[in-house]
Amino acid sequence: MAALKPHGWIILDKPLELGSTQAVGAVKRNLREAGLLGKGKDKLKVGHGGTLDPLATGVLPIALGEATKLCGRMLDATKVYEFTIAFGSETETLDVEGDVTDTSDQLPTLTDVKAILPEFTGAIEQIPPKYSALKIDGKRAYDLARAGVAVEMKVREVTVYSLSICHSREGGNPVPKNTSEQLDPRVRGDDIVDKVTLIATVSKGTYIRSLARDIARALGTFGHVSMLRRTKAGPFTLEEAISLDKLNEIGKGADIKDYLLPLEAGLDDIPAFDLTPDQARMLRQGLTLDEQELIGNPAIDGLFLATENHGSPVALAELFDGTVKVVRGFNM
């Protein structure tokens, strides 16, 4: 008997120097070794919910099976990053990988950094790095930049929901769990700092490297990202993340259920409503439901997770103008 296909999320704590595509490849390899990947038309789909640069670490949601239908929502989700700005030099790539392009002897105090952060909180404009995956005339910006082509990146508006110093005394919050404090706890407001670690909660499309560059320039110096770690992507945090070593245990025979989060874990920001068997059948057939047909009249407005049998996912559905229609159906 063939093994049941796993549908859900593996949350990887991506290590340094591993690309997102390589991470997906590592998941596929382990599924193949465990006999869970399948072949041909029955091959299990695997995708990631938001690229992480090779020089970044942290939360990388990897979707299996029907959960891949939610990767688009994950790309749009709010994310949280911890990142260190090294002051005094700016690089071509805005991180440690690129050649230095500008330097300055000017270094800020901790008070200077704290005072500038409100200017970068809320809706802000930023220019993405030329070494990014954005497409210009159908080509990746980083490919053009590496080929020596002059790249003009357009200004975009993003939202920084919160931005604070990762320092128990100066940031206003205790240092988060799973984080080693980058700033000496003895440092005080008037002390000059050559680096500082910040915590940012941001909207989709926000480039942390651009944020670091702009903060440093606003402080009258230059800077680049020397450490970048994503601690949250949508509903997923480091608490659910597993290491590459743990991932490899799946290929050696460990039960994938010990590492797999259910599909609906990616939808915990919207309500769920259980349907009758007839209602579930109608949605699976692509038909619509009238709001009044929903037993209990749950007062759902907008998107919701339609389930059957007390929680089995049927569809990502939407109630609009009294009618329930399918946005994405799940074939579990």
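Helices (H or I, at least four residues) and strands (E, at least two) are DSSP runs, numbered from the N terminus. The model is predicted: local features need pLDDT of at least 70, side-chain atom pairs count only at pLDDT 80 or more, and totals for chains, interfaces and linings use all residues. Residues are numbered from 1 along each chain as its sequence is written, and side-chain values use heavy atoms, with hydrogens and water left out.

**The loop between E17 and E18**

Asn309 sits in the loop between strand E17 (302-308) and strand E18 (312-320). His310 is placed in the loop between E17 and E18 too. Most residues other than glycine have a negative phi. Asn309 is not a glycine, yet its phi is positive, at about 55 degrees. His310, also not a glycine, has a positive phi of about 60 degrees. For accessibility, buried means under 20% relative accessible area, exposed over 50%, and partly exposed in between (1.4 Å probe, protein chains only). Asn309 counts as exposed because its relative accessibility is 59%. His310 is exposed as well, at 80%.

**The sheet**

E17 and E18 belong to an open sheet of 5 strands, in the order E15-E17-E18-E19-E16, with mixed pairing. Its edge strands are E15 (272-275) and E16 (289-290), and each pairs on one side only. Two strands pair if DSSP finds at least two bridges between them. E16 and strand E19 (residues 323-329) pair in the antiparallel sense over 2 bridges. Within E19, Val324 is the bridge partner of Leu289.

**The aromatic pair**

Rings of Phe, Tyr and Trp (its six-membered ring) pair if their centres lie within 6.5 Å; planes under 30 degrees apart count as stacked, over 60 as edge-to-face and the rest as tilted. The structure holds 1 such pair. The ring centres of Trp9 and Phe236 are 5.3 Å apart and their planes meet at 50 degrees, so the pair is tilted. Trp9 lies in strand E1 (residues 8-14) and Phe236 in strand E13 (residues 236-237), so the contact ties together parts that are 227 residues apart in sequence. Both Trp9 and Phe236 are buried.

**Salt bridges**

A salt bridge is a side-chain nitrogen of Lys or Arg within 4 Å of a carboxyl oxygen of Asp or Glu. The count is 10 salt bridges.

Arg29 and Glu33 are 4 residues apart in helix H1 (residues 20-33), which means about one helical turn separates them. Arg29 is partly exposed at 34% relative accessibility. Glu33 is partly exposed at 48%.

Arg209 lies in helix H5 (residues 208-218) and Asp53 in the loop between strand E2 (46-48) and strand E3 (57-64), so the pair ties together parts that are 156 residues apart in sequence. Arg209 is buried, with a relative accessible area of 8%. Asp53 is partly exposed, at 32%.

**Cysteines**

A disulfide is a pair of cysteine sulfur atoms within 2.5 Å. The count by this rule is 0 disulfides. Cys71 counts as buried at 11% relative accessibility. Cys166 is buried too, at 2%.
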